[in-house]
Protein chains: 2
Amino acid sequence: MKHYILIVLLSLAGAVIISAQNTPEGVPATTNITNARYPRILPDSRVIFQVTAPQAKNVQIDLHKKYDLKKNEAGIWTITTDPQGPGFHYYSLIIDGVSVADPASESFYGMSRMASGIEVPAKGIDYYDVKNVPHGDIRSKFYFSKTTNSWRRFLIYTPAGYDVNTKEKYPVLYIIHGGGEDETGWALQGKANFILDNLVSAGKAKKMLIVMVDANVGSGGAMGNSMKVFRDEILTDIIPFVEQNYRVSTGPENRALAGLSMGGLQTLYTGLTNTDKFAYIGVFSSGWLPNQTDLAEESYTYLKNNIEMFKKNIKLLFLATGSQEDGAYPNCHNLMKRFDELGIKYQYYDYPGGHTWPVWRDNLFKFAPLLFK
Amino acid sequence: MKHYILIVLLSLAGAVIISAQNTPEGVPATTNITNARYPRILPDSRVIFQVTAPQAKNVQIDLHKKYDLKKNEAGIWTITTDPQGPGFHYYSLIIDGVSVADPASESFYGMSRMASGIEVPAKGIDYYDVKNVPHGDIRSKFYFSKTTNSWRRFLIYTPAGYDVNTKEKYPVLYIIHGGGEDETGWALQGKANFILDNLVSAGKAKKMLIVMVDANVGSGGAMGNSMKVFRDEILTDIIPFVEQNYRVSTGPENRALAGLSMGGLQTLYTGLTNTDKFAYIGVFSSGWLPNQTDLAEESYTYLKNNIEMFKKNIKLLFLATGSQEDGAYPNCHNLMKRFDELGIKYQYYDYPGGHTWPVWRDNLFKFAPLLFK
């Protein structure tokens, strides 16, 4: 690390350069690091990217689609994208073919690495804004997993008042990220804390804890043994640890399990067969994959053989997808068709969007008010 | 974001490639992202970096010094560095002149952007390891700052038992990152939570809260108005908020202020003139800069004019540097010379290292046991 004198001098030099330039269009994205002027968002949600790379041959931004940046004489590359949908989007900077995080952006664990993210303002949507309401904490907690024989971590949201109301006990939502993400997904990309802060303060959701787990256990992702390993991890390690270390109400009526995409598959796998543990289940942008017929049929057979118990136990089965998803949308509809055949009730809606965080934020916003009633 | 089917397939493809290759030397760094095989650390602490970049002309790693990587026919660039000192080091990947975070590494906010970090194993040093002891939480907390008129965030460490012992009150260490870092520095790079977990469990430090602030307020860094703005922020926003929202013991004998590098300057500026607020002060790798004579003389004049009150109030003034630092070492020694002239007592030690996190972890490890006695 460079000495701070150098850092201070560089900061001052930067300040001088900035003040000598014309004020550019748009506003810096809120996901930029401190003082980064680009990427900038225009009023119509187009985004201007700018990268200084005099020696590079080829600079691209990958934001759903790839944009080629153009270089000026000073070696500064720029592009203005098409209008972007509201909410959070992952993106990458590609320098001469190497896909990396943009140094001007905060980084988020997604796409199985630290990736850049851009928050596009959403007109008329304020349910995940930081408002002047009581705020809960997000805590980072390490626990020893006997299942994996290693120290692991979850994030846990405790609602405002948790520290003060020391006799109150709370129900718990266990929530799972998607493939290539980790326990930070629902906290940073998902803004689960702000969504709950706002819902609770408006009286629209019950106060609850949210345990944001790291479901990257086992091997082979959704196709390997990770489904089984994660089921063991949550049932025998995470839930007992949470119930021992936090003031929580126990029993299935005080536990919900939800997940998005790959986490939705893990929710189907663990949740549908453990309704004595979880009475509320949320499956976002998911459904058995076309090449998972073994797992799918195993699940449907279990449901058929235990249908009365299942119907008696389950209080809410909640399904949602993005209406523009090419994979999860049909997978979820196949799931519903089979649930219909089994006479299983569920709530379903779709949200105008792809396989992205704006959809999942809305899913949590719709799901949380239905819990623990 | 790509759909999870693609991610799963790519993961499987990766698994096949890995198993078909020879097992490489060394072990992946613990700071790597999940399943990243490089960078790898050899038994003698040299580090092997590997980057796939067929189209790049020039790939470097900047780890204290710059290393040029060499490309093979498959477009894979590699280098084995010199042996690295134990502990955490920032590094950058430079692709055709653009300095970015290595996609294979976790990212840390440092050098005023998301940077890569590598944890080099430290033989015989285990005070910041994750051990089988009770663990506290690190919480992310948002508060509204009247000083900056914006929502801001700190991280707060609550020790093991904080949730259970609901009548116990705790003293508070307020701790500040260095230039180009933020509130995450002491948590992620510093491992402050594990240091305290281990010290507390060994009976070597009192249970305390640690508030890890974001001191990036005002403008111009250590040379601008940030010193004054941060002083207002901590005294009128952060401390009252902490004392209202957490179970803390109040009064100067229950508050410590410490910081590293630029945070050490902020500690000198705010701490020395507010011993009625903080009875314990820690200044790590710092001392007035050669071009800060105005601030320095103002501080010494204040101390001279208030010397009896200062001596009466202060319980510990703790100074530390890395013995191989070129800037902070003489700055700190100038400070001590002036303290000597004023008859002010302090504790000082230096640690074999440069202006880096291994020094600051050791500083906290030595400082924390002296607090709140």
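Which residue in β12(B) is the bridge partner of A:S140? In this predicted model, in which local features need pLDDT of at least 70, side-chain atom pairs count only at pLDDT 80 or more, and totals for chains, interfaces and linings use all residues, the partner of A:S140 in β12(B) is B:I138. Residues are numbered from 1 along each chain as its sequence is written, chains are lettered from A and ligands numbered from 1 in the order in which they are written, and side-chain values use heavy atoms, with hydrogens and water left out.

The pair A:S140 and B:I138 belongs to a pairing between strand β12 (residues 137-145) of chain A and β12(B), which is antiparallel and spans three bridges. Strands here are DSSP runs of E with at least two residues, helices are runs of H or I with at least four residues, and both are numbered from the N terminus; two strands pair if DSSP finds at least two bridges between them.

The contact between the chains, defined by heavy atoms within 4.5 Å, takes 73 residues from chain A and 74 residues from chain B. The size of an interface is often given as the accessible area lost when the parts come together. For chain B and chain A the buried area (accessible area, with a 1.4 Å probe, that two parts lose on being put together, summed over both) is about 6,000 Å², and carbon and sulfur atoms give 63% of that area.

Six salt bridges are counted between chain B and chain A, a salt bridge being a side-chain nitrogen of Lys or Arg within 4 Å of a carboxyl oxygen of Asp or Glu. On the side of chain B that touches chain A, β12(B) gives the most, with six residues. That side comprises 32 nonpolar, 28 polar and 14 charged residues, where Ala, Val, Leu, Ile, Met, Phe, Trp, Tyr, Cys and Pro count as nonpolar, Asp, Glu, Lys and Arg as charged, and the others, Gly among them, as polar.

Among the individual pairs, A:R139 and B:D137 meet through their side chains in a salt bridge of 2.8 Å, N to O. A salt bridge also links A:D163 with B:R139, whose closest N and O atoms are 2.7 Å apart; because A:D163 lies in the loop between β13 and β14 of chain A and B:R139 in strand β12 (residues 137-145) of chain B, this pair joins two chains. Both residues count as buried (under 20% relative accessible area, with exposed over 50% and partly exposed in between, for a 1.4 Å probe and protein chains only), with A:D163 at 15% relative accessibility and B:R139 at 0%.

Over all chains, the whole structure holds 34 salt bridges. Within chain A, the side chains of A:R153 and A:E183 form one at 2.9 Å, N to O; A:R153 lies in strand β13 (residues 150-158) and A:E183 in the loop between β14 (172-176) and α2 (185-189), so the pair ties together parts that are 30 residues apart in sequence. A:R153 is partly exposed at 22% relative accessible area, whereas A:E183 is buried at 8%.

Chain B also contains an open sheet of five strands with antiparallel pairing, in the order β1-β2-β3-β7-β6. Its edges are β1 (27-28) and β6 (70-71), each with a single partner strand, so one side of each is left without a neighbour in the sheet. Two bridges join β1(B) to the antiparallel strand β2 (residues 40-41), with B:P28 opposite B:R40. Elsewhere in chain B, helix α5 (residues 262-271) is mostly covered, 10 of its 10 residues being buried.
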